[in-house]
Amino acid sequence: MSWLLLLLAGLFEVGFTTCLKLSEGFTRLWPTLGFVVFAAISFWLLTRATATIPLGTAYAVWTGIGALGTVIVGIVAFGDPAGTLRILFLLLLIASIIGLKLVS
């Protein structure tokens, strides 16, 4: 159950980073409120997950999911570049997240 909470926490991290981009420096109301709500939920879920997952592992996986998801949103929604090396390093990030799960 804790790993599911951690996965959800990472997905909510993607939500708050996306809202951060859309808020334009916290000058737009709805994206700013979305940022606050998604961040609060993400941190709450992360806290719950660390009840049984070691803190370092949970934090690394949470940031990895958030980084991976945010890069994908950037490529798909905001036209960020998707070069070969960038994709390679994303694949390495995925492998690292899976590796942390396997050794925990």
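**Exercise 1. What does the accessible surface of the protein come to, and what share belongs to carbon and sulfur atoms?**

*Solution.* The model is predicted: local features need pLDDT of at least 70 and side-chain atom pairs count only at pLDDT 80 or more, while totals for chains, interfaces and linings use all residues. Residues are numbered from 1 along each chain as its sequence is written, and side-chain values use heavy atoms, with hydrogens and water left out.

Step 1. The accessible surface, computed by the Shrake-Rupley method with a 1.4 Å probe, is about 6,300 Å².

Step 2. Carbon and sulfur atoms hold 76% of this surface.

Step 3. Of the 104 residues, 35% count as buried, that is, under 20% relative accessible area.

**Exercise 2. Determine the order of the elements in the protein.**

*Solution.* Step 1. Helices are DSSP runs of H or I with at least four residues, and strands are runs of E with at least two. The protein has four helices and zero strands.

Step 2. Read from the N terminus, the order is α-α-α-α.

Step 3. The C-alpha trace spans about 40 × 35 × 15 Å along its principal axes.

**Exercise 3. Describe how helix 3 packs against helix 4.**

*Solution.* Step 1. Two packed helices are described by the angle and the distance between their axes. The axes of helix 3 (residues 55-78) and helix 4 (residues 84-103) come within 10 Å and cross at roughly 150°. Helix 3 is therefore roughly antiparallel to helix 4, the term for angles over 145 degrees.

Step 2. The crossing of helix 3 with helix 4 is left-handed, meaning that the near helix is turned anticlockwise from the far one by less than a right angle.

Step 3. Contact means heavy atoms within 4.5 Å. Among the residues that meet are Val61, Leu68 and Ile75 in helix 3 and Ile87, Leu90 and Ile97 in helix 4.

Step 4. By class, this contact has 13 nonpolar, two polar and one charged residues.

**Exercise 4. Which phi values do Glu24 and Phe26 have, and where do these residues lie?**

*Solution.* Step 1. Most residues other than glycine have a negative phi. Glu24, however, has a positive phi near 50°, and Phe26 has a positive phi of about 60°.

Step 2. Glu24 lies in the loop between helix 1 (2-22) and helix 2 (29-49). Phe26 is also placed in the loop between helix 1 and helix 2.

Step 3. Glu24 counts as exposed because its relative accessibility is 52%, exposed being over 50%. Phe26, at 44%, counts as partly exposed, the class between buried and exposed.

Terms used. Axes fitted to C-alpha atoms, helices over the stretch in contact; angles between N-to-C directions. Parallel < 35°, antiparallel > 145°, perpendicular 65-115°, else oblique. Nonpolar A, V, L, I, M, F, W, Y, C, P; charged D, E, K, R; others polar. Buried < 20%, exposed > 50% of the residue type's maximum accessible area, 1.4 Å probe, protein only.
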